[in-house]
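Please look over the sequence and the model before reading on. The report that follows takes up a pair of helices and then a sheet.

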Amino acid sequence: MNKERAKFLLSAYRPDHGDQDDPELQEALALAREDEELREWLEDQMNFDRGMMERVRDVSPPAGLYQDILHGVGMSLGEAEGAGVRFWDRAVVRALAAVLVIGLFVGAMLWAPWRLEDRSDVYASLNCRDCAVEVIDDLHAGVTRLDMRTAEVEEVRGFMRAAHTAGLPVGEGVDLAPVKLMGCKEIESRTGTVTIVCFRREGKLYHLATFEIRDGHGPEIPGADAPEMTHHGELLAAMWREGGVGRVLFTTQGEASEEDVERMVAELTV
Amino acid sequence: MGVDGFVPATEFIDTTMASAEFEQIVDRYYGNLYRFALSLAKTEEQAADLTQQTFFIWAKKGHQLKDRTKVKSWLFTTLHREFLKYIRRSSRMEIGEVAEYRPEAPTVGHDGEEKSDHAYLLGLIRELDEAYRVPLMMFYTEDFSYKEIAKALDIPIGTVMTRLSRGRNQVREKLEKRPVTRGGKVVEFREQKRRTGNE
């Protein structure tokens with residue numbers, strides 16, 4: 001180990017901790033004991049870090065926060081969650097309430113006795129779509145990451161082929177050549193695997209979710225010539241099917257219009 | 001049931017986690033979690049809300065964590081995730097833009113000349129890019145090892161090293177450049193020396 005490597009490792013050395021279980025750090029420490037310049041550098045850094053730690057830890061939490069946590073968490077868990085949650089803003093709570101009402105309405109429509117014909121593909125697609133919405137939201141928030149970052153069409157096609165087991169032409173069914181690929185991610189929804197491909201077209205960010213429609217029939221999901229447009233919070237989505245594959249193209253509202261999305265769907269489908 | 005219809009958390013979390021354990025965990029971590037939140041959020045109120053939100057999630061889901069030695073990582077990771085979700089919702093940031101988010105001017109210790117050392121220092125840290133701020137605060141508040149930081153933030157170990165080093169250097173540079181008006185040095189480190197080599 002040379003001095004530069006030792007410095008690199010020791011930049012994460014915790015003063016007063018020892019890091020005994022880390023052989024690399026121990027090796028770097030051993031080098032510091034022998035090398036005067038490195039030893040002085042480390043002492044300087046440790047003094048700085050100790051000072052920082054002391055002062056950062058001097059910051060006192062607000063009086064009553066401890067009790068607020070114990071009482072607040074209890075209230076939120078014990079009563080209606082919306083009433084107990086004071087965390088973000090009321091608009092979020094209202095938006096959630098609106099989503100719930102719409103969800104109940106849509107649910108009632110779907111489950112109405114006069115609509116009890118075979119809709120398993122629709123349920124599957126709704127589940128896959130909701131799952132994709134959640135993951136795309138997390139991607140935007142930086143909470144989750146792409147499984148593969150690539151701008152190569154063939155790599156993305158290979159990724160999709162590997163993810164979907166039905167032997168469907170999922171990778172070949174879309175024309176990815178005109179877009180600027182960013183990468184892709186695979187997720188497991190309750191009803192099967194969903195792949196998400198993120199890309200830009202004319203500067204606008206899109207996400208293409210692909211899932212398999214297992215029973216392979218049912219007319220409810222429209223074809224690519226008339227995709228079903230829906231809104232999911234900040235996301236705008238167009239859903240269509242190609243044989244046994246369902247696709248949902250997402251974008252952020254404000255980023256692209258419905259017309260942009262329709263154009264994009266036409267461009268993607270081959 | 002507590003006073004005024006207020007129900008203590010401990011009456012509700014028995015099914016998921018022992019109340020004594022919950023209180024113990026809150027007691028152990030709420031201070032440092034709040035400090036970490038303060039380095040991320042815009043205001044003290046938001047930092048307190050983030051801390052409270054984190055324990056709310058812990059009360060609901062903490063029982064799923066089988067390895068209790070990972071409570072610290074779980075709490076800090078959850079708080080960071082909640083922060084990212086919050087800024088995404090509030091400002092509609094796009095992928096990649098979160099890293100450029102910085103809190104507004106520090107609100108801690110805004111009492112002019114009387115501003116304390118720790119508030120001043122925290123203000124400097126809050127000026128750092130989030131990429132440096134988060135690992136640095138995990139390191140300084142709770143003694144996270146670089147491996148723990150890498151795992152919690154889902155970034156390579158080498159990146160953690162680099163960010164710790166650069167974040168530390170940026171704070172030092174800010175400390176060296178800024179004149180301090182109250183009684184000499186604001187941060188007097190023991191045997192503080194000029195940096196040497198190419199740190």
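## Two helices of chain B

Which residues in α5(B) meet which residues in α7(B)? From α5(B), A131(B), Y132(B), P135(B), L136(B), F139(B) and Y140(B) are in contact (heavy atoms within 4.5 Å) with R163(B), L164(B), R166(B), G167(B), R168(B), Q170(B) and V171(B) of α7(B). Helix α5 spans residues 130-142 of chain B and packs against α7(B) at an angle of about 95°, their axes lying 8 Å apart, where axes are lines fitted to C-alpha atoms, for helices over the stretch in contact, and angles run from 0 to 180 degrees between N-to-C directions. The two helices α5(B) and α7(B) are therefore roughly perpendicular (65 to 115 degrees) to each other.

Helix α7 of chain B, residues 157-177, reaches 30 Å from its first C-alpha to its last.

Strands β6 (residues 235-242) and β7 (residues 245-252) of chain A are joined by eight bridges and run antiparallel, and M239(A) has V248(A) in β7(A) as its bridge partner.

## Basis of the model

This is a predicted model, in which local features need pLDDT of at least 70, side-chain atom pairs count only at pLDDT 80 or more, and totals for chains, interfaces and linings use all residues. Residues are numbered from 1 along each chain as its sequence is written, chains are lettered from A and ligands numbered from 1 in the order in which they are written, and side-chain values use heavy atoms, with hydrogens and water left out.

Definitions and conventions:
Helices (H or I, at least four residues) and strands (E, at least two) are DSSP runs, numbered from the N terminus. The expected span of a helix is 1.5 Å times one less than its number of residues. Angles under 35 degrees count as roughly parallel, over 145 as roughly antiparallel, 65 to 115 as roughly perpendicular and the rest as oblique. Two strands pair if DSSP finds at least two bridges between them.
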